[in-house]
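User: Could you walk me through this structure? I'm new to reading these.
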Amino acid sequence: MEQKKIIITGGPSTGKTSLIHALERLGYPCFHEVIRSMTDAAKKDGSLTDMATNPIATVTDPIAFNTKILNAREQHYIAAQKRPEPVIFFDRGMPDVIAYMDFFGQPYGNAFTKPMREHRYDQVFLLPIWEAIYVMDGERFEPIADAKAIHDHLYRTYTEFGYDVITVPKDSIANRTAFVLDTLYS
């Protein structure tokens, strides 16, 4: 049986991390979002100049920062291939980098698109913006209008790379988890 690599993605504050943790509690291996640890490191080394907005928009060298994100997500993909489990989940995938760069109007070239053509995921689940659970905090900087635009960029980027994006219903974590698993195994 060939391994399935599954992305859980969505704009800020859509419940991705909660869904990933629920899948982990069920025994599924999950690769976690890399930007949180990178943001902490950028704060410590002084390369993050403004904590009032998304770090991708305010680091002193956005191309270098985005390259680190892309490389870390590519390493997750490669590490997953070495694991024996038949299904592995990722909290965001490589195409998320381009979606955010597009949102922030940052240019990129083949160095960013090539890994996405070489490393294909098997399924993409997109969590929609859900105003009832949306919060801005120390890790979520975007107002709801920006979060909606990011959602649109994520959907567009994944579809442009040939993925069939499945929207996860707004529901409890248990029901969202069941939806993802039912969709995968049906």
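User: Which residues does H151 touch, not counting residues up to four places away in sequence?
Analyst: H151 touches L126, L127, P128 and I129, where contact means heavy atoms within 4.5 Å. Please keep in mind that this is a predicted model, in which local features need pLDDT of at least 70, side-chain atom pairs count only at pLDDT 80 or more, and totals for chains, interfaces and linings use all residues. Residues are numbered from 1 along each chain as its sequence is written, and side-chain values use heavy atoms, with hydrogens and water left out.

User: And where does H151 lie?
Analyst: H151 lies in helix α7, which covers residues 144–160; helices (H or I, at least four residues) and strands (E, at least two) are DSSP runs, numbered from the N terminus.

User: Why does H151 count as buried?
Analyst: H151 counts as buried because its relative accessibility is 16%, and buried means under 20% relative accessible area, exposed over 50%, and partly exposed in between, with a 1.4 Å probe and protein chains only.

User: New topic: what is the phi of S13?
Analyst: S13 has a positive phi of about 60 degrees, although it is not a glycine. Most residues other than glycine have a negative phi. S13 sits in the loop between β1 (4–10) and α1 (16–25), and it counts as buried because its relative accessibility is 7%.

User: What about R92, where is its place?
Analyst: R92 is in the loop between β3 (87–91) and α5 (94–103), and its phi, near 80 degrees, is a positive value in a residue other than glycine.

User: How many helices and strands does the chain have?
Analyst: The secondary structure of the chain comes to eight helices and five strands.
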